[in-house]
Amino acid sequence: MKTICLYFEIHQIIHLKRYRFFDIGTDHYYYDDYENERSISDIAEHSYMPALTTLENMIKANGQYFKVAFSISGVGMEQLELHAPQVLEKLQDLNKTGCVEFLAEPYSHGLASLVNEESFKAEVQRQAAKMEEYFGKKPQVLRNSSLIYSDDIGLQASQMGFAGMLTEGAKHVLGWKSPHYVYNCALAPKLKLLLRDVRLSDDVSLRFNNSNWDGYPLFADNYINQIAALPQEEQVINIFMELSALGIAQPLSSNILEFLKALPACAKEKGITFSTPIEICKKMKSVGELNVPDTLSWVDEERDVSTWLGNSMQREAFNKLYSVADRVRIANDPRINQDWDYLQASNNFRFMTTKPSNVGLDRGIYSDPFDAFTNYMNILGDFLNRVNDLYPSDVDNDQLEGLLTTIKNQDEEIEVKDKEIVRLQAKLEKIEKEAEKLRAKKTATAAKAPAKKTATKASAAAKKAPAKKAATKEETTEKK
């Protein structure tokens, strides 16, 4: 039985501000807050909220039949927390239906997997922890930034404990093979791979509203018929795209949401189900390993990493940024960490691309790739100076790690001693209170004892007094 795995990515670009060479050393804030708030609010209003509401209604209308998966970058969640918390609330409502799976991905939506294994692992773990905090479940399936994948990255994912990973069904990797099967990593057989169907995904996310496209207009029944017409043995159809495709890349006026809403009914007529990535990983066996020695992604026709690292400007910026990756990770300074997350985001490098692309690229404030490079390098120059000021460059990473470990151990020892001091002070206060109570009780007992003794003497004297008086009277009579 055929099944559709429908997955949406949620990531928000962090817009950098104009930063001049003369700002280096004087201005350590790099972001355009107005543009960040404006852009996330616009996407939330015109894409995220309408799309998520539609998906929620689809789940309610179809019970446990319709299912969907999401991943959200950590920096994307930070922007939603600040400027569009209603989107996170809607995602939590979707989570309560039990028909939604949330995946892990790098926190920054960056390129650490290409150059620094420890940084990549730390980012994935941070984002997974944030997803578990919001949605109550630890992700079991990983998707890298822009579906970046290679055999080595798959091995890292397996070592982190993931059951599966999403990637691109690129022709140059598959060859004669079909993306409609479950494969496994060549270096880690236990890691299942789900491959995006490029044509079916792009028909919705890129071409849906293109009147010059041969498939225009695309209707839900025709779309499902294409899936049903696939060979019987090809059972897994992975449709992966950005959530912003619904409302931004394909405007709401194109009836994209009506198309989406009609999919479950059309699929049910053809006996096609919907599944989440982890359900597929658990239920279906791999048909064989997929060899990916060179890195692939879902971007541009080449489906590689050239959109971020294809020219010398991009490689220079990339190498300078990640030259301090270990120092940033070891130092773990909160303010540095936040800037590190935002400067890693892959869009910073894509703005510098000189490649022609069939997909429109909005460079924002930048007039061309060289403008983007200059602005980014000015910011990066200030950031690197701050890292080196905190932890001098003449101290190598091993020495720095040893020093910071020593400081951390000393801090922990001081913390333990502080807790012991607090405990002993509390114990001392308790002893002093008990001693005070005993002193008060002793004083009260001592005050009562003399009073009782005096009262006893007085009573005895009163009893003796009449007898003495009587004796005196008798003596008087005898004298007479």
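One aromatic cluster is formed by Phe 318, Tyr 322, Trp 340, Phe 349, Tyr 376 and Phe 383. The model is predicted.

In total, 20 aromatic pairs are present in the structure. One of these is Tyr 7 with Phe 240: the ring centres lie 5.5 Å apart and the planes meet at 90°, so the pair counts as edge-to-face, the cut-off for that class being over 60 degrees. Tyr 7 and Phe 240 are both buried.

| Charged residue | Ring | Distance from charged end to ring centre |
|---|---|---|
| Arg 126 | Tyr 107 | 4.0 Å |
| Lys 268 | Tyr 65 | 4.7 Å |

The helix pair is described next. Helix α2 spans residues 74-83 and helix α3 spans residues 85-96; their axes are 6 Å apart and the packing angle is about 110°. The two helices are therefore roughly perpendicular, a class that runs from 65 to 115 degrees. On the α2 side the contact involves Met 77, Leu 80, Glu 81 and His 83, and on the α3 side Pro 85, Val 87 and Leu 88. By type, the residues of this contact are five nonpolar, one polar and one charged.

How values were computed:
Residues numbered from 1 in each chain as written. Predicted model: local features only at pLDDT ≥ 70, side-chain atom pairs only at ≥ 80, totals over all residues. Heavy atoms only, no water. Axes fitted to C-alpha atoms, helices over the stretch in contact; angles between N-to-C directions. Helix = DSSP H or I, 4+ residues; strand = E, 2+ residues; numbered from the N terminus. Parallel < 35°, antiparallel > 145°, perpendicular 65-115°, else oblique. Contact = heavy atoms within 4.5 Å. Nonpolar A, V, L, I, M, F, W, Y, C, P; charged D, E, K, R; others polar. Phe/Tyr/Trp six-rings, centres within 6.5 Å; stacked < 30°, edge-to-face > 60°. Buried < 20%, exposed > 50% of the residue type's maximum accessible area, 1.4 Å probe, protein only. Lys NZ or Arg CZ within 6 Å of the ring centre and 35° of its normal.
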